[in-house]
Amino acid sequence: MSLLKNLSAAKKNIIYNYKRYLCFFVMLFLIQTLFASVLVLYSNNNSNELEYLEEKYNYHLQLQNLNDEQFYYLLNAEQGEVPFFEVIKGTQTNISGTNSYRYDIYIKFITSDVKSGYESYKAKYYPVVEEEGDFKELLTPLYTYESELALNTFICALTCLFIFVCGCVIIYLLDSIMVNHYKFLYGIYMTFGASFKKLFKTAFSEMFVLSATAFLPSQLITNIACFFILRGSAQSFRVDVLSIFLSFLLCVSVAALPVFFNIKSVSKKTPLNLIGAVDNANLIISPRTSADIMDYVFPGKLEVLSVMRFRKYGIKLVASAVSFAALFLCCAYLGISYSETLDVKRPEYTIRFSSNMTKEDEKNDEDGADMNDGSSFMGPIDDIFENGDENETEPEQKPTYDFTYTDEVRDYFYTFDGVEKIIKDCHTDAIDINSHIKLPKGKAKLFGGAENENGERCYNNVKFTALDSEVKDIIEYYGYEVEGDLDKVINDGAYVAITYGYGNMSKFKLSIGDKIYIATGSTQNKSAQYISNDYSYIMGVLLESYDYTYTEYTVGAIIKDMPVGEEFPVYMNGDTYAAVTGNDMLFTDVDIIIDSDITDETYASLERDLRHAADYYTNMVIQNNDYKTLIQIEKNKNYLNVYMFVAAVLLSVSPLLWFFSQILFYLKRRSEFDMYFSFGASKSKIKKAFIIDGIVFCIFAAVVYTLLAIIMSMLLTVFLNSQLYSASTLVKFEYSLPAIPYVIGLFVTCVSAFFSSYVPYMTYIKSCHPIFTGNSFDGKQEIISEGEKGI
Amino acid sequence: MAKYMLEANDIIRQFKQYDSVVTAVDRCSLKVEDGEFVAIIGASGSGKSTLLHILAGLDRPQSGSVYIRGTNITAMSPDNLGVFRGNYLGIVFQKHNLIPQLTALENILVPTVMCDKKDHTFQEHLKKLILALQIGNRLSHLPSELSGGQQQRVAIARALINRPQVLFADEPTGNLDRRNADEVLSLLLELKTMIGQTLIMVTHDMSIADKADKIYMMDNGKLFLYKDKQGYYKTSYELEMKAALESERAKPLE
Ligand SMILES: Nc1ncnc2c1ncn2[C@@H]1O[C@H](COP(=O)(O)OP(=O)(O)OP(=O)(O)O)[C@@H](O)[C@H]1O
Ligand SMILES: [Mg+2]
């Protein structure tokens, strides 16, 4: 009952003073819209992701390269009372060059929880299946969907938390401006007995009414916007009632929490203190001495003096308003970086040529021509082997069998449709051969590696990597900036190429022509014992336990903007590679990057081609990384739009704070200008005073904004680089102040800084009164005679 | 029930400004019995308003304590103190402190809204106040539309509307002419006897102070009894002697 009374009083008050509450309304509307869009997108994305996956994969598990026996065993498996999987599809393929077949089988778990299905399968069938052959098991993204879902939920919760915190800060700032304006009023109320409970109830009712008023428009806009966003990428859209209610609830708590703290802090003050705030008195810093204003001019120096005396207010305002402009910049930068990560070239297939395999020479070459590929069947097991016809492209000339990746293999792979680039790699980890590199004194930055007794820094997180002209071509393909000459490294074994550091951070101070030392021999003088994953720690222990002999090499090239993980490559030609590592330059690791606009048919044919190749090169193992699907799912989520939306909301806070704060501030300075007016200042002089304020704020804000923008985006780059290198795909961001967001932020900051001073002038001049009205701290036109801030 | 309506002990209130410290109230103590009328006089800037604010629980002293109806209000939480003020205390500020955006009547009603203290005699009481203070034809005016004296009378009405047990008044007749001042005073005294109110008033007007049961005098932050119940006026000589004896000033406190 009293709640309803409170609410209706609050409603009345808001309607009477709609100008003051407009800004709260806008903010609560935006916050609610943000919550709603995150939650609505989250629920829609999840169901769309599942749909997409179910369409792409109607199975959880793919078993490859089964033999007859295994295949039929699984097909006819007795599953007991409650079946837990279904065979969706099976394919039979002739192993090229032989009369035998290999089989693939596609399994869908039909238990309510796919994990338990997989486990029962493992327990029951795995031992039989595993026994022999090239058998390989692949779990599809459909299987990992659930763990993916948990991650998504976590990210969604984190985003909501972020919005919650930001929202609370924004409302807190706005509300404290408002409360500051009303301090005198609160002081009088408290003099005559108002308690915290009473004040809070009133303030909360207002916030609740505002949130409730924002409910309909914000939910409508969110759902319509999400509908179009999702339709735009051919996704379906559903209205989610839970999201709607949750976002409202979150919005109300964002509104209530800061108000609670503000009122709490006000109610702790003595009434006298609050009453003293009647005319901005609480915002003035008391000067040590009076200025000699005799030779000041108005507005000129006198207004600058006023601005200085109000510096406490000014700094607070600029700091809070500008930080939102800077947050906008960061958010936009984050969005840009995020969409960059989606465009990073990722290897769709990772191929390993296992080198420890003994050569199988019995392989006949004769009937490789009639490979019968892709016989597949769908549905019930009985109508088996429904032959699909394939237009198989036959390689013109059959590559000779080899156990590793050669130029012929490469040329053969390039004949496949859909291959954009083949990335080959041959490296040896220094730690595996008890080696490391040593940099001369002064050539390493602080942190990382370990120092030997001569103060030279040693690093064992090194990958000795073979460099030939094809690897050079790959480096160029990625577009990394190279200082120096890679050809020199390829041609002259005394030269090596190195990166700027590791962990995506610059660690070395090397330049072309500098010497580095590679440990090529060691004698143990002490037993080395360690249990650690920490490279630096291990390095330290090893340096104490071994004496190393070093070979000197010259830095011939430095690769600048390459993403580098925990381990960094040192490139050297084949001979040097063999000399340093004792291994031949054999490219056993091959990544395949596919065309970015590959069609589904080409994708399928590429997969077939690769499997063919794997039949042929018996030691070749293919891993499908499914990046095409995963990235597509990620792109479907339209997170860039969300980032930009959040950025826009953050930016909109800045002018809101400027205008809200300045308008209330100048309302209280009205009587001061009235005084100047009554003692002979002209309107144009008063206008100048406001303009001076505007210019001072504008310059100050622009400087602070620029500094903050540079610092925050730099920190963000460092943070992103140090965080993202550990992700499965390496990305490195180059620092650059994002120009367009920066300019937008600067523009908004300057314009709102200036006009938030100028607009109060325009309202002031309309109603200025040469007769000083004494104690009235805000002008009459402001006053609405009923129920202002009524309790 | 406590012996005294109001009891203040050794109150110190200082204002700091950079390195200089103003001791506005310097170890003041006083005791006021229920229903007593106490006047505080003194030169401008001697600390009368500051002391009154502390006695009324509007400001906190750095040291010392104030008991009202036996309750230590200096130790109360701000919230409880607020409710306490609303229920038992009334104050007339020197600078009126009317809420500019509320009309005279609304200003008068503020205290009732704050502590829901309305009974059946309320309307009658309000009418009587308005009549006595002669503000009946200005009730719907904003404070900025009232004269200084009218504003003052509105402020007095606001302080009395809840029929407080203790009324603190800071020069309530400062802006009024002789006739009006006397009328206001007689109203205050009438109410005082009617509801057994205790009245503590700061005034410059000796003819008003003379009507008080006790007169205290403030000088440079120190408080002296100037006239007691027996009507004994201390001579200025005695006061000077006393001041000399107590001349040691309070040290700056934290
Ligand atoms: N907020 C404040 N900050 C600093 N000094 C203050 C503050 N309030 C009062 N003072 C100082 O305390 C002293 C006493 O002030 P107070 O207002 O109590 O005087 P008063 O006796 O009421 O004077 P008047 O008769 O003129 O009203 C003054 O010297 C004043 O400068
Ligand atoms: Mg005073």
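**View 1. Strand E12 of chain A between two partner strands.** In this predicted model, in which local features need pLDDT of at least 70, side-chain atom pairs count only at pLDDT 80 or more, and totals for chains, interfaces and linings use all residues, five bridges join strand E12 (residues 462-466) of chain A to strand E19 (residues 568-572) of chain A in a parallel run. Strands (E, at least two residues) and helices (H or I, at least four) are DSSP runs numbered from the N terminus, and two strands pair if DSSP finds at least two bridges between them. Residues are numbered from 1 along each chain as its sequence is written, chains are lettered from A and ligands numbered from 1 in the order in which they are written, and side-chain values use heavy atoms, with hydrogens and water left out. Strand E8 (residues 427-429) of chain A is joined to E12(A) by three bridges and runs antiparallel to it. A:Phe464 takes part in both pairings, standing opposite A:Thr428 and having A:Val570 as its bridge partner in E19(A). E12(A) is mostly covered, with four of its five residues buried, where buried means under 20% relative accessible area, exposed over 50%, and partly exposed in between (1.4 Å probe, protein chains only).

**View 2. Strand E5 of chain A and its antiparallel partners.** Strand E5 (residues 349-353) of chain A is mostly covered, four of its five residues being buried. Four bridges join E5(A) to strand E20 (residues 589-594) of chain A in an antiparallel run, and here A:Tyr349 stands opposite A:Ile592. E5(A) is also joined, again antiparallel, to strand E21 (residues 620-624) of chain A by five bridges, with A:Arg352 opposite A:Val621.

**View 3. Helix H17 of chain A.** Helix H17 (residues 600-616) of chain A has 17 residues and reaches 25 Å from its first C-alpha to its last, close to the expected 24 Å, a span defined as 1.5 Å times one less than the number of residues. Its buried residues include A:Tyr603, A:Leu606, A:Leu610, A:Arg611 and A:Tyr616.

**View 4. The nonpolar cores.** A nonpolar core is a set of buried Ala, Val, Leu, Ile, Met, Phe, Trp, Tyr and Cys residues joined through side-chain atoms within 4.5 Å. Of the 144 residues in the largest such core, A:Met27 and B:Phe168 touch the most other members, while helix H19 (residues 639-678) of chain A gives the most to this core, with 17 residues. Residues up to four places away in sequence not being counted, A:Met27 touches A:Ile170, A:Ile171, A:Leu174, A:Val649, A:Val653 and A:Leu656, contact meaning heavy atoms within 4.5 Å. A second, separate core of 63 residues includes A:Ala430, A:Leu510, A:Met572 and A:Ile594.

**View 5. A:Thr191 and its contacts in both chains.** A:Thr191 is placed in helix H6 (residues 183-191) of chain A and is buried, with a relative accessible area of 2%. Leaving aside residues up to four places away in sequence, A:Thr191 touches A:Pro271 and A:Ile275 as well as B:Leu58, B:Arg85, B:Ile91 and B:Phe93.

**View 6. The open sheet of chain B.** Six strands of chain B form an open sheet in the order E6-E7-E8-E3-E9-E10, with mixed pairing. E6 and strand E10 (222-227) of chain B stand at the edges, each with a single partner strand, so one side of each is left without a neighbour in the sheet. Neighbouring strands of this sheet are turned by 20° against each other on average, direction ignored. E6(B) is joined to strand E7 (residues 166-170) of chain B by four bridges in a parallel run, in which B:Leu89 stands opposite B:Val166. H1(B) packs on the sheet, and its direction makes about 160° with that of E7(B); helix H5 (residues 148-160) of chain B also packs on the sheet, touching E6 and E7 of chain B, and makes about 175° with the direction of E6(B). For these values, axes are lines fitted to C-alpha atoms, for helices over the stretch in contact, and angles run from 0 to 180 degrees between N-to-C directions.

**View 7. The magnesium ion.** The magnesium ion (ligand 2) is coordinated by B:Ser49 (OG) and B:Gln94 (OE1), at 1.8 to 2.2 Å. B:Ser49 lies in helix H1 (residues 48-55) of chain B and B:Gln94 in the loop between strand E6 (89-92) and helix H3 (104-115) of chain B, so the pair ties together parts that are 45 residues apart in sequence. B:Ser49 counts as buried, at 18% relative accessibility, whereas B:Gln94 is partly exposed at 40%. Donors are N, O and S atoms within 2.8 Å of the metal (3.2 Å for Na, K and Ca), and water is not among the atoms, so sites may look incomplete.
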